Amino acid sequence: MTLPPFLRAAIVPLRIMMQDRLAVIGLCVLGLIIAMALFAPVLSTHDPRHINEIEDGSVLSRGVDGWELQESLGPLALNDAAHRAGEAIIVGRGGLAWAREGTGDWVPLDLPTEADLHAVALTPERRALVVGEDSVILLREGGAWTPVTAPEEVRLRGVVWLDGASALMVGTGEEIWLFDADTGAFTEIDSPVGRGFPLQSVALDVDGTALIVGERGLAVRYDPADGSATLERLGSTRDLNHIHIAEGGAALVVGERGTLLRRESAESGWSADDAPDTRAMRAGWIGDDGQAIAVGRSGLIMEWDGTAWQLVPTESERHLRALLVTGDEMLALGSDRFVSRLLPPSREHWFGTDHLGRDLFSQNVHGSQIALLVGFLGATLVVLIGTNVGLIAGYYRGRTETVLMRTVDVMYGIPFEPFALILVLLFQPSLTIVILAVSLLTWRTVARLIRSQVLSLRERPFVKAARVAGASDLRIMYLHIFPNVLPLVFLELAIIVGVSIIAEATLSFLGLGPPQAISWGGILHDARLSGAWRTAWWWNLPPGILIMTTVLSVFFISRSLEVVANPRLRARQ
Amino acid sequence: MSRRGYLIKRVLQAIFSLWIIATILFFLFRMGLPDPTAALVTEGLNAEQRAAIRAQFGLEEPLWRQYLLFLGNAVQGEFGTSFSYRAPVADIVWERLANTMILMLAAIVLAYAIGVPLGAWLSWRRGSRADTTGIFVGLMFRSAPMFWTGMIAILIFGVGLSILPTSGMRTLPYDADGWWDKILTLDFLWHAVLPVLIVALYYLGSPLLIMRNTMLEVYGEDFIEMARAKGLPERDILYKHAARNALLPVVTQLAVTIGLAAGGQVVVEVVFSWPGLGREILNAVRTSDFPLAQASFLIMAAFVITLNLLVDILYTTLDPRVSFQ
Amino acid sequence: MKRTLMLTGASIAALTAFAAPGAAQERVPSVEIFTTTESYDPIRYEGAFIIADAWRELGMDVSVRPLEFSTLLDRFYSEQDFDATILGWSGRVDRLDPQFFLGTLDSRQGGLGANNPGGYDNPDYDALYDAQGAEFDVEARQAIVHEMQELYVPDAPVVVLFNRDEVVAYNNTTFTNMNAMAGEALYSEWVPMEAEPLTDRATLRIGGPQEPDNINPLASTSVWGWKWMRLYYDRLVRLSPDVEPVPWAASEVTPVDDVTIDVTLREGMTFHDGEPLTAEDVVFTFNYYMESDYSYFDSYLAAIDTVEQTGDLSVRFNLREPSAPFATITLSQIPLLPQHIWEGIENPGELTPSEIPTVGSGPFVFDRYDRGEFMSITTNADHFHADEINTDAVEFVIYADAEGVFTALQTGQIDMTAWRLEPGQIPLAEENEELTVVSVPDFGYYHMTFNTRRAPFDDVAVRRALTMAMDRERMVNVLLDGRGEVGTSIIAPVNAFWHAPFIERFEFDMEAARAELEAAGYSWDDEGRLQR
């Protein structure tokens with residue numbers, strides 16, 4: 001088989017490269033990374049910018065060593081719980097409910113609704129009421145759950161039994177409804193405020209009245225004796241989320257921004273406690289012995305130690321919404337959607353997640369695109385400029401050479417990194433500016449190298465022969481001289497690809513990369529910025545290793561190209 | 001061309017380069033940052049007050065006058081007052097530049113001190129596993145971005161083992177009479193270990209590989225064959241004869257590297273909180289302190305050019321074979 | 001309430017829709033959201049993209065453009081060339097008085113470079129703004145301030161995105177009695193005085209990523225300069241940790257009438273160089289500031305007509321007009337300078353660092369300042385407050401970034417942080433037994449300001465709808481990890497006295513947003529793009 005001469009010329013260097021084990025490895029690795037960049041959308045398991053959140057029926061139990069995560073109750077959040085006469089019921093999103101007798105296992109209840117359920121209440125006679133979104137009201141009589149039609153559209157947030165037959169429920173439009181379970185009749189009670197402020201929770205006080213709390217510090221007391229609803233001052237204008245009143249009269253109201261309002265007994269007044277954390281509290285529980293717990297967002301659990309509220313360490317990010325205290329057992333329930341922040345590598349997230357719950361594997365895969373784009377585009381630009389400047393300067397000599405090479409000298413006076421910084425900072429970061437910043441100065445080396453090669457080549461016999469034969473300057477330059485500097489060009493190309501990739505990573509690391517673009521340097525930038533890089537090894541190791549491998553593989557290739565470009569070296573090896 | 005003529009020509013070239021760079025810099029800044037007083041708004045300054053500052057900094061003058069003013073001041077080493085520091089820019093910049101240089105020079109010297117003998121040794125053991133490993137490690141550190149190796153080093157030695165300081169140049173507070181007093185202490189050395197090591201590891205690759213490759217070429221030369229024929233020990237051949245002759249390309253590379261050293265490594269300064277000039281430029285442009293940014297860059301460029309010039313002159317003195325072309 | 005407000009907004013918009021009956025529906029112009037770069041503030045950066053996604057769902061053509069901070073300010077304030085911009089105001093103590101924040105919606109501050117770039121223009125609001133500034137009765141002023149908030153909120157000229165908590169930490173094994181202050185967190189003027197050492201070392205070490213621009217009291221324009229200088233310069237009044245004005249260098253502040261205020265100085269005060277501090281110095285200081293080019297204090301000094309010496313230790317301030325915030329802000333912000341040092345200085349703004357005088361009369365004495373590295377002050381044993389101070393010196397170590405500060409805190413090189421921790425550092429600090437994490441609600445706020453001069457934001461219905469389409473709760477939960485509060489008013493809820501609690505909330509509700517737009521005559525084309 002005979003090959004055309006130019007192909008045969010190309011085979012030789014290729015064969016040399018194939019003999020160099022490191023170069024072969026380099027080629028393979030680079031190939032893999034290019035494939036990764038090309039197929040990034042297919043390869044990535046998640047949208048790299050998507051903030052991943054999880055919903056989970058989370059249960060935390062208070063053990064000897066603090067609060068511990070128990071087995072999850074399914075994929076839906078738990079919103080409220082109640083217990084009475086040995087029976088406990090948990091309700092949650094999407095019509096979810098669990099029941100438990102004594103200390104048995106949680107058994108799912110089949111409720112005739114799909115709506116989100118917000119509150120549950122039980123009577124000693126095992127009557128139960130469940131309320132929630134979309135006007136859902138469910139009554140359990142005997143063993144059967146029956147939907148009750150609400151008099152108007154409503155989103156109910158709280159429910160409490162006033163006695164064995166009547167219950168009070170409150171809603172987000174400041175609705176206060178009295179429900180008679182025996183007759184199925186509703187009585188709407190006028191709120192003393194009447195401005196449509198959401199009411200969040202209701203509890204039965206020791207004197208038989210009910211205390212309702214809601215947004216903007218709203219507190220309303222309903223007295224079933226005369227059917228009146230009066231405004232009560234608890235001393236806060238914060239949104240109040242939950243109220244719990246113990247049988248002896250101690251009471252706790254929790255709300256937004258670490259709001260903790262406590263009453264030691266039915267007689268004493270309300271006082272606002274200092275909270276050790278200012279995030280939202282969603283549920284509270286207080287006993288008559290002074291013991292109290294409050295739970296809230298991001299796994300926040302506080303316990304009252306008799307003098308102050310103490311933050312209890314939990315390992316959880318989960319949002320807690322309800323407390324279930326039965327005898328010695330204390331359960332904290334949640335969790336509506338929470339960001340899966342800083343997760344170590346798992347089957348779901350191969351390289352873990354970052355501080356915003358974004359999938360790091362997908363980010364790393366996508367990062368290859370920018371690295372290679374800038375690397376190859378930048379290097380091509382550099383080599384294109386550098387080679388032509390070198391060719392022209394070396395071939396024409398004289399004034400042309402002086403001007404071009406003085407320009408190169410000037411370029412050598414400009415420090416690369418600071419110049420790139422200034423360029424990117426002055427002109428808003430974009431891909432073009434990054435590529436420009438990378439390539440604007442790097443061509444100086446290429447120009448010098450090519451020129452010195454051309455200087456010796458132009459005196460060679462074959463060039464002189466071509467000139468005698470009347471070939472034009474352009475023809476001589478590009479057809480006769482250029483092929484001879486080609487190995488050198490490729491060598492420089494490879495080296496500059498490596499340099500460009502590092503330069504791009506550097507700019508991105510300093511936060512000067514194109515906005516919203518995902519790059520390896522950018523991932524490391526985020527990691528450092530977030531402050532989590534010292535613990536989240538899965539965040540800061542992969543991008544660095546990827547940059548290193550890519551550049552390394554390019555360098556391996558360039559090393560064997562060097563052998564091709566430099567025959568003297570070839571002879572020695 | 002005579003030696004003297006060459007010197008004069010090189011100096012003139014250097015001045016020319018500096019002028020071009022200054023000009024580029026001036027117009028870049030005016031294009032990219034038309035109103036540098038914008039950042040002062042956060043401090044509650046209104047339009048009139050900012051106009052006063054603009055006038056104070058000569059920003060109301062026509063562009064060409066601003067340019068001439070800028071050049072004139074630069075020639076006198078008068079870089080104006082930093083916007084935010086309210087201090088003469090030159091005072092701030094020189095010390096920062098010195099800090100950058102000490103880091104870079106220490107690292108480069110270290111890299112070459114290790115790289116050159118190691119490269120020679122690798123060439124001697126060519127083809128062995130040690131050779132492959134050496135090349136691999138050298139190239140690996142050359143391929144890893146310094147901010148990353150720096151971060152990993154901080155994690156291991158600073159946070160994990162807590163045996164090395166990770167930021168700054170000295171333990172604070174300290175009393176030092178001038179810059180040298182600050183540098184010539186054990187405490188400084190201790191602080192310099194990590195950043196110098198990280199930069200040195202990055203630079204290690206080039207002396208290592210250049211030395212190794214040149215040595216391979218030198219082995220083929222006649223005088224080596226003759227030495228071998230004389231039965232001299234291999235070690236002597238390696239270090240006395242071959243290495244001496246292979247040094248030239250490494251020295252050339254060293255000269256280029258030192259010439260560019262003033263440019264510093266901004267990321268290393270950022271990662272290790274090293275109070276160098278690169279970080280100053282970054283901060284200056286971020287806070288729109290354009291007199292400081294401009295002056296820092298210009299002084300940096302001047303230093304790079306001077307270093308290049310010095311290295312060139314030194315080189316021609318040391319090696320007469322280099323023609324005064 | 002909510003319903004009626006929505007109807008008003010809708011009916012206004014409906015009226016304007018009727019003005020052009022039968023006109024062909026046009027696409028709503030595309031808008032650009034300006035925000036900070038990720039490295040300047042990842043939270044505002046990510047927040048912009050969350051907002052843009054929701055707006056696109058409403059059929060808007062939205063793009064996000066992160067800008068370098070100075071460019072962003074330039075576009076927003078100086079050129080007013082923007083559609084919608086995300087920026088913030090920091091909660092400095094003197095801004096607890098509602099004067100400043102309310103002023104950002106005053107139409108007379110709508111000029112180029114001033115504080116109301118959105119151009120909100122409501123004559124009723126402006127009138128109330130003047131009224132509250134001249135109202136000395138606190139209860140009456142509170143009523144006006146509440147009314148102003150209820151007035152502007154339904155118009156949605158600006159969306160307060162959130163008030164971010166300031167989370168800082170200190171080492172609980174070295175110092176105790178560290179009481180955080182609203183808007184200042186731990187690096188307040190009180191902590192250095194109140195902190196009680198637990199070890200032999202009574203020197204409090206503070207670490208921060210920022211440093212003063214300079215320490216020239218006639219040139220510094222940054223919070224970081226003044227946070228440091230106020231420790232060694234006295235003021236006539238200091239604001240207590242509960243932000244009540246307490247007499248400081250003044251023993252008494254007596255209002256004679258609405259525009260005359262008498263101040264009596266404490267006896268026996270001296271400057272750090274031993275010279276006595278007299279009424280002459282006070283008069284000199286105020287006149288010196290009023291005559292200088294230094295504009296940082298201009299808004300505080302604007303109310304003063306003349307300052308006259310009425311005795312060795314007594315001074316009278318004559319105001320141009322009644323000024324409610326005079327005693328709280330002006331007297332608590334202007335430092336007292338020694339006349340014998342400053343009177344000879346012609347151009348105080350141009351002093352080089354080595355020439356800047358550092359002699360004050362404050363509880364601490366200036367020691368040294370090494371730029372970029374370190375600052376220190378020592379306790380002034382001759383100060384009238386010296387007995388209450390438990391530290392013998394305060395040192396401030398300057399780091400390159402928040403990372404350096406946190407490492408220093410972890411390794412015990414500093415006792416407290418001057419600047420907020422990054423979200424990722426907070427859990428690490430909480431796990432560390434030796435560190436106590438303090439979270440202080442901020443009354444400064446992050447906002448998105450609409451350019452009310454430009455379509456489509458000139459339409460109140462669009463502004464209202466787009467406000468409803470911002471899931472700010474999610475931003476707080478996801479971006480701030482719950483450490484902050486969804487914005488309600490430019491006067492934050494933490495500022496409980498001035499905050500109007502019953503204003504409209506604009507909860508995230510895409511349906512309501514659509515309804516609002518529909519009621520105002522907007523519709524959607526076949527591809528779901530918003531048109532009118």
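This is a predicted model: local features need pLDDT of at least 70, side-chain atom pairs count only at pLDDT 80 or more; totals for chains, interfaces and linings use all residues.
With a relative accessibility of 62%, A:Leu38 counts as exposed (over 50% relative accessible area; buried is under 20%, partly exposed in between, with a 1.4 Å probe and protein chains only). A:Leu38 belongs to a nonpolar surface patch with A:Ile34, A:Phe39, A:Val42, A:Leu43 and A:Phe376, and together they have about 580 Å² of accessible area (Shrake-Rupley, 1.4 Å probe, with only the protein chains shown as cover for residues). Such a patch joins nonpolar side chains (Val, Leu, Ile, Met, Phe, Trp, Tyr) within 5 Å, from residues with over 30% relative accessible area and no salt bridge (a side-chain nitrogen of Lys or Arg within 4 Å of a carboxyl oxygen of Asp or Glu). Helices α2 (21–38) and α3 (40–43) of chain A each supply at least two of the patch residues.

As for chain B, 13 helices and 0 strands are found there, and 54% of its 325 residues are buried. Its accessible surface is about 14,200 Å², 66% of it from carbon and sulfur atoms.

Residues are numbered from 1 along each chain as its sequence is written, and chains are lettered from A, ligands numbered from 1, in the order written. Local features need pLDDT of at least 70, side-chain atom pairs count only at pLDDT 80 or more, totals for chains, interfaces and linings use all residues, and side-chain values use heavy atoms, leaving out hydrogens and water.

Terms used: Patches are made of residues with over 30% relative accessible area and no salt bridge: like charges are joined within 9 Å, nonpolar side chains (Val, Leu, Ile, Met, Phe, Trp, Tyr) within 5 Å. Helices (H or I, at least four residues) and strands (E, at least two) are DSSP runs, numbered from the N terminus.
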